[in-house]
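Biologist: I am new to this structure. Please show me how to read its features, step by step.

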Amino acid sequence: MTLKKQLELHEGRKNKVYKCSAGKRTIGIGRNIDAKGLPDDIEAFLEDNGYITDEMIDRLLDDDIADASADVERLYPMAYSFSEARRFALIDFLFNVGLHTAKTFTNTNKAINEERWDDAADGLLASKYARQVGKRARDIAEMLRDG
C-alpha cells in the first residue's frame, strides 16, 4: 500500500470542514486547519464554495506528508536507513500526533532509534494514543514490528 493510501485509510477524505476527535477543524485527509491553516487560494475557494476539490486535498496531503517526513527525520536521525514500511509507519504516526506529542513517547522513541522494533511496537500499543486511535495504532505497531 502506498503511504498516501495508508493515510487516507486512517484519516478518511473529506472535502468539507469537520471537527476531528480532538475538536479541531479539519479538512481533506486529516489537515488540521486550526494548527496549520490553509494556503490562501484554498482558503478563498473554501469560503466561496463551502468545500475544496480533490486536487486541493491532494496538494494539502503532499504538504502534510512533507512536514511529517521532516519531523520523522528530526526525531529519528537514522530513519533514512529504516525499511519503507517502518518509515511509512513513523510518518503516519507523526502525521497523526505531530512532533510535539511524538517527542513525549520517550521510551518508544529510544527503542526506535536503537532499532528495537518489538519494544517500540509494544511501547506504542501500551500508550493512551493506542487506546484513542485503536486500529491505526495496531497497524503502525505491526509495521514497526514486521518491517
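Modeller: Start with a pair of helices. The crossing of α5 and α9 is left-handed. Keep in mind that this is a predicted model.

Biologist: Where do α5 and α9 lie in the chain, and at what angle do they cross?

Modeller: Helix α5 covers residues 84-102, and helix α9 covers residues 135-146. Their axes come within 8 Å and cross at roughly 150 degrees.

Biologist: Which residues of α5 and α9 meet?

Modeller: From α5 come Ala85, Arg86, Phe88, Ala89, Leu90, Asp92, Phe93, Phe95 and Asn96. From α9 come Arg136, Ile140, Met143, Leu144, Arg145 and Asp146. By class, this contact of α5 with α9 holds nine nonpolar, one polar and five charged residues.

Biologist: How do α7 and α9 cross?

Modeller: Read this pair the way you read a crossing angle before. Helix α7 spans residues 117-125. The axes of α7 and α9 come within 8 Å and cross at roughly 170 degrees. So α7 and α9 are roughly antiparallel to each other.

Biologist: Which residues make the contact between α7 and α9?

Modeller: On α7, look for Trp117, Asp118, Ala120, Ala121, Asp122, Leu124 and Leu125. On α9, look for Ala137, Arg138, Ile140, Ala141, Leu144 and Arg145. The contact of α7 with α9 counts nine nonpolar and four charged residues, with no polar ones. Ile140 of α9 is listed in the contact with α5, and Ile140 also meets α7.

Biologist: How many bridges join β1 to β2?

Modeller: Three bridges join β1 to β2, which spans residues 25-28. Find the partners across the pair. Lys14 stands opposite Gly28 in β2. Tyr18 stands opposite Thr26 in β2.

Biologist: What joins β2 to β3?

Modeller: Two bridges do, and β2 and β3 run antiparallel. Ile27 has Arg31 in β3 as its bridge partner.

Biologist: What should I look for in the hairpins?

Modeller: Count the residues between the strands, then check phi. The hairpin of β1 and β2 has five residues between its strands, and Gly23 there takes a positive phi near 80 degrees. The hairpin of β2 and β3 has two residues between its strands. In that turn, Gly30 has a positive phi of about 75 degrees.

Biologist: Stepping back, how many helices and strands does the protein have?

Modeller: Nine helices and three strands. From the N terminus, the elements run α-β-β-β-α-α-α-α-α-α-α-α.

Biologist: What about overall size?

Modeller: Compare the radius of gyration with a reference. A compact globule of 147 residues would have one near 15 Å; the protein has 16 Å, which agrees. Along the principal axes, the C-alpha trace spans about 50 × 30 × 25 Å.

Methods:
Residues are numbered from 1 along each chain as its sequence is written. This is a predicted model: local features need pLDDT of at least 70, side-chain atom pairs count only at pLDDT 80 or more; totals for chains, interfaces and linings use all residues. Side-chain values use heavy atoms; hydrogens and water are left out. Axes are lines fitted to C-alpha atoms, for helices over the stretch in contact, and angles run from 0 to 180 degrees between N-to-C directions. Helices (H or I, at least four residues) and strands (E, at least two) are DSSP runs, numbered from the N terminus. A crossing is left-handed if the near helix is turned anticlockwise from the far one by less than a right angle, and right-handed if clockwise. Contact means heavy atoms within 4.5 Å. Ala, Val, Leu, Ile, Met, Phe, Trp, Tyr, Cys and Pro count as nonpolar, Asp, Glu, Lys and Arg as charged, and the others, Gly among them, as polar. Two strands pair if DSSP finds at least two bridges between them. The radius of gyration is taken over C-alpha atoms; the globule rule is 2.2 Å times the number of residues to the power 0.38. Angles under 35 degrees count as roughly parallel, over 145 as roughly antiparallel, 65 to 115 as roughly perpendicular and the rest as oblique.
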